[in-house]
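Dear colleague,

Please find below the structure that I am handing over to you. My findings follow directly after it, beginning with the ligand.

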Amino acid sequence: MADTITLRRPDDWHVHLRDGAMMAAVLPCTAARFARAIVMPNLVPPVTTIAAARAYRARILAALPAGADFTPLMTCYLTDEAEPAEIARGYAEGDFAAVKLYPAHATTNSAHGVTDFDRVMPVFESMAAIGMPLLIHGESTDPDVDVFDREAVFIERTLDRLRRRIPELRIVLEHITTAEAADYVASGGANLAATITAHHLMINRNAIFQGGIRPHLYCLPIAKREKHRLALRRAATSGDAHFFLGTDSAPHAIPTKETSCGCAGIFTAAGALELYAEVFEEEGALDRFEAFASLNGPAFYRLPVNEARITLRRAAYTVPAQIGEGALALAPFRGGEMLRWRAE
Ligand code: DOR
Ligand code: ZN
């Protein structure tokens, strides 16, 4: 039984760093573990222009702890009014690594998201021509669709049509939660990939209601039945290049979670890599951990792999019970609990 795991430094292909004091509190967690991260643009207001992405990146770099080796990869929040030329220029100049599509009102800060796919078709066509990745929050917003069915319905009614219309468009289906999504992506060819969060590999929907309602386990897409969690574990640990690490770590201050209408989001950054390591060990797949964490993502994004290495040691790591202070205090996933791997 190996007592250390050494791998190329991983990247987090989906994270919410927020801004201001909240960013200052959460950024060290991500920068300590990951060399790069795809930074979500759902700020208020959202990041929709090159100028906004540059300014946000500068704020992230300024908030990094001294000596941190971390590169934020910025994304453009897609709205109905998006200009194909601005997005293409942002990609060419390295200001945007990708575009993020939120169907309007699907989740936190998605009010400015896309209401009509036909309106943004010119953006998709331009992105397909230049190979720019489109990152999709894949949930149907039809109020008649059950919350647990929204991902599968989105694939059937929206994603599959889009891919048939523009097969060259390179798509990451973000934070997949269902067996349907895992199967669809695995058979989707070279222009389709998916991120998988640590929490969706660890909890099913029962956990949200265990002994009472657990607001810190509420996120979107919501965790599904056990059979889906098992399918996600198989996909993540298979070594299949379609799947890679994306935490979707989504911090919300405790008072905005523990309330009558709490925000969606699970904050995993305080133990992200260690959580994934536990899953890969439980599945007997530590030999495939590096592919998922450090190789498959760069391959899809057409970026170099990281040269630096990180070592995880088999030693107790207690996830902090709380990160940040006062009104902005956060409750990390598995906070106060002991994990089996410690990142050095
Ligand atoms: O649970 C979620 N939280 N899902 C999302 O899609 C957004 C995220 C957030 O920004 O808090
Ligand atoms: Zn997210």
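**Ligand 1 and its surroundings**

A polar atom in the side chain of His 252 is placed 2.7 Å from an oxygen atom of ligand 1. Please bear in mind throughout that this is a predicted model. Asn 42 also contributes through its side chain, where an N or O atom is 2.8 Å from an oxygen atom of the ligand. Ala 264, by contrast, takes part through its backbone: a polar atom there is 3.0 Å from a nitrogen atom of ligand 1. The protein buries 100% of the 290 Å² that ligand 1 exposes when taken alone. The space that ligand 1 takes up is the largest cavity.

**Overall form**

The chain contains 11 helices and 11 strands. Its C-alpha atoms fill a box of roughly 50 × 45 × 40 Å along the principal axes. The radius of gyration is 19 Å, which agrees with the value near 20 Å that a compact globule of 344 residues would have.

**Backbone geometry**

As background, most peptide bonds are trans, and most residues other than glycine have a negative phi.

- The peptide bond from Val 44 to Pro 45 is cis, with omega near -5 degrees. Pro 45 belongs to the loop between β3 (36–39) and α2 (50–63).
- Leu 220 and Pro 221 are likewise joined by a cis peptide bond, with omega at about -5 degrees. Pro 221 is located in the loop between α7 (198–202) and α8 (226–237).
- His 175, a residue other than glycine, has a positive phi, near 35 degrees. The loop between β7 (171–173) and α6 (179–186) holds His 175.

With kind regards

Note on methods
Residues are numbered from 1 along each chain as its sequence is written. Chains are lettered from A and ligands numbered from 1 in the order in which they are written. This is a predicted model: local features need pLDDT of at least 70, side-chain atom pairs count only at pLDDT 80 or more; totals for chains, interfaces and linings use all residues. Side-chain values use heavy atoms; hydrogens and water are left out. A polar contact is a pair of N or O atoms within 3.5 Å; within protein, one must be able to donate a hydrogen and the other to accept it, and residues adjacent in sequence count only if both atoms are side-chain atoms. Accessible areas come from the Shrake-Rupley method with a 1.4 Å probe; for residues, only the protein chains shown count as cover. On a 1 Å grid over the protein atoms alone, a cavity is a set of points where a 1.4 Å probe fits but cannot get out, and a pocket is an open set with protein on both sides within 12 Å along at least five of seven lines; lining residues have an atom within 4 Å of a point. A molecule sits in a cavity or pocket if more than half of its atoms lie within 2 Å of its grid points. Helices (H or I, at least four residues) and strands (E, at least two) are DSSP runs, numbered from the N terminus. The radius of gyration is taken over C-alpha atoms; the globule rule is 2.2 Å times the number of residues to the power 0.38.
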